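Let's take a walk through this protein chain together. Have a look at it first, and then we'll go through it piece by piece.

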Amino acid sequence: MGPTKAIVKENALYEAVGGKLIKAGFAGRQAIEDYANHHYLALPVVDKQGRPWLLDGKPVYCLRGVQYETVDDRKVHLARCPDCGGMGIRSDEMAVESDVIRCTACGHEFDARLEMMET
């Protein structure tokens with residue numbers, strides 16, 4: 001069992017599944033993140049602009065390093081775009097030597113394995 005998945009609405013935290021209010025009245029995003037980090041809550045992944053990643057209209061959560069899940073606990077294979085921080089989805093093209101990923105926000109194509117080796 002992992003952390004409670006939460007969503008942010010107007011400086012308040014709500015349970016992602018039931019919609020129950022967790023806490024309201026936060027001063028800003030940093031206060032929300034601090035609270036989530038201290039209370040075993042998972043917030044949706046956001047890009048560098050602060051826009052949440054959405055897959056089929058639902059938020060995506062990063063629970064274990066680079067493992068991503070949807071609200072309904074479905075594991076999804078995604079990667080963070082090195083340019084904009086957006087959600088990268090694997091291309092359907094099968095290639096032996098590469099693992100091409102395309103960012104849904106900016107369209108940037110990158111190879112996740114090469115990105116990991118470079119950093």
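**From strands to rings**

Starting at the N terminus, the elements of the chain run β-β-β-α-β-β-β-β-β-β-β-β-β-α. That gives two helices and 12 strands, where helices (H or I, at least four residues) and strands (E, at least two) are DSSP runs numbered from the N terminus. Keep in mind that this is a predicted model: local features need pLDDT of at least 70, side-chain atom pairs count only at pLDDT 80 or more, and totals for chains, interfaces and linings use all residues. Residues are numbered from 1 along each chain as its sequence is written, and side-chain values use heavy atoms, with hydrogens and water left out.

How much of the chain is buried?

Now for the rings. Those of Phe, Tyr and Trp (its six-membered ring) pair if their centres lie within 6.5 Å; planes under 30 degrees apart count as stacked, over 60 as edge-to-face and the rest as tilted. By this rule there are two aromatic pairs. Phe 26 and Tyr 35 form an edge-to-face one, 5.4 Å centre to centre with 65° between the planes. Phe 26 has 9% relative accessibility, so it counts as buried. Trp 53 and Tyr 68 make a tilted pair, at 5.1 Å centre to centre and 35° between the planes. This pair links distant parts of the chain, 15 residues apart: Trp 53 is in the loop between strand E4 (41-42) and strand E5 (54-55), and Tyr 68 is in strand E7 (residues 67-70). Both Trp 53 and Tyr 68 are buried.

Key: Buried means under 20% relative accessible area, exposed over 50%, partly exposed in between (1.4 Å probe, protein chains only).
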